[in-house]
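Here are some friendly notes to read beside the picture. Take them one at a time, and look back at the structure as you go.

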Amino acid sequence: RADRPVGQPRRESIWARDLVLIKLLISNPLRRRNLAYLTWREDNTGELYQRVDKSWWIRIPKSRFKNRHGAAGEQIYDCQVHPSAWRDIERYLFIFRPTLLREATDLVFLTKSSHGVKEHRPWAELSSRVHQLTAKYLPRCSGARAHAFRHIVATSILKADGGDYKTAALVLNDRIQTVEKHYAGIRSSDGADRMAKLLEGPFSRM
């Protein structure tokens with residue numbers, strides 16, 4: 001946020017776009033394709049939309065998910081974006097996104113023209129951009145791609161006090177069984193650590 005290139009319109013628009021991208025990856029850790037194809041429309045009929053209370057939400061049809069025949073096919077994805085991102089979303093959509101427009105499109109994330117192509121296309125290099133940003137701004141990080149945020153968020157939920165598989169599954173839009181399968185090692189390790197603290201007295205006498 002502090003690296004905002006004030007006075008450089010083009011770079012500032014890209015900065016605003018990237019900030020929203022990272023905020024959404026943290027708040028709603030969707031797969032790369034869902035973010036690249038994410039839509040917004042002025043009449044509020046896009047996948048990213050604002051409710052009457054000014055809150056921002058993401059609503060994506062089941063057919064747009066990779067696991068549409070699994071967990072995604074069981075319920076509609078309609079989730080609120082964390083309030084910490086609302087102001088950034090509004091600034092990007094209403095102030096900076098118009099400066100990146102070359103022609104009408106409902107894609108949220110706009111990129112520069114490639115090889116003279118005028119029409120806007122889904123952001124193919126989205127994950128590569130995330131890799132660049134994380135390498136630049138995260139200490140001791142060589143770069144992480146978009147999908148890594150799904151693991152980071154799920155792990156953070158499971159390691160938090162009161163965190164559970166159901167919450168992680170809802171955030172990832174996946175089945176509880178799938179999350180349990182992929183993150184069982186985290187909870188098992190935490191269980192061992194917790195046991196060591198609870199039984200510190202008996203263990204010290206062994």
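1. Leaving aside its neighbours within four places in sequence, which residues is Ala16 in contact with? They are Tyr92 and Phe96, where contact means heavy atoms within 4.5 Å.

2. A word on the source: this is a predicted model, in which local features need pLDDT of at least 70 and side-chain atom pairs count only at pLDDT 80 or more, while totals for chains, interfaces and linings use all residues. Residues are numbered from 1 along each chain as its sequence is written, and side-chain values use heavy atoms, with hydrogens and water left out.

3. The protein has 8 helices and 3 strands. These are DSSP runs (helices: H or I, at least four residues; strands: E, at least two), numbered from the N terminus. Their order from the N terminus is α-α-β-β-β-α-α-α-α-α-α.

4. Ala16 lies in helix 1. Its relative accessible area is 2%, so Ala16 is buried; buried means under 20% relative accessible area (1.4 Å probe, protein chains only). Although Ala16 and Tyr92 are 76 residues apart along the chain, their C-alpha atoms are separated by 5.6 Å.

5. Across the protein, buried residues make up 38% of the 206 residues. Of the contacts with a separation of 6 or more, 51% join residues 24 or more positions apart.

How values were computed: Buried < 20%, exposed > 50% of the residue type's maximum accessible area, 1.4 Å probe, protein only.
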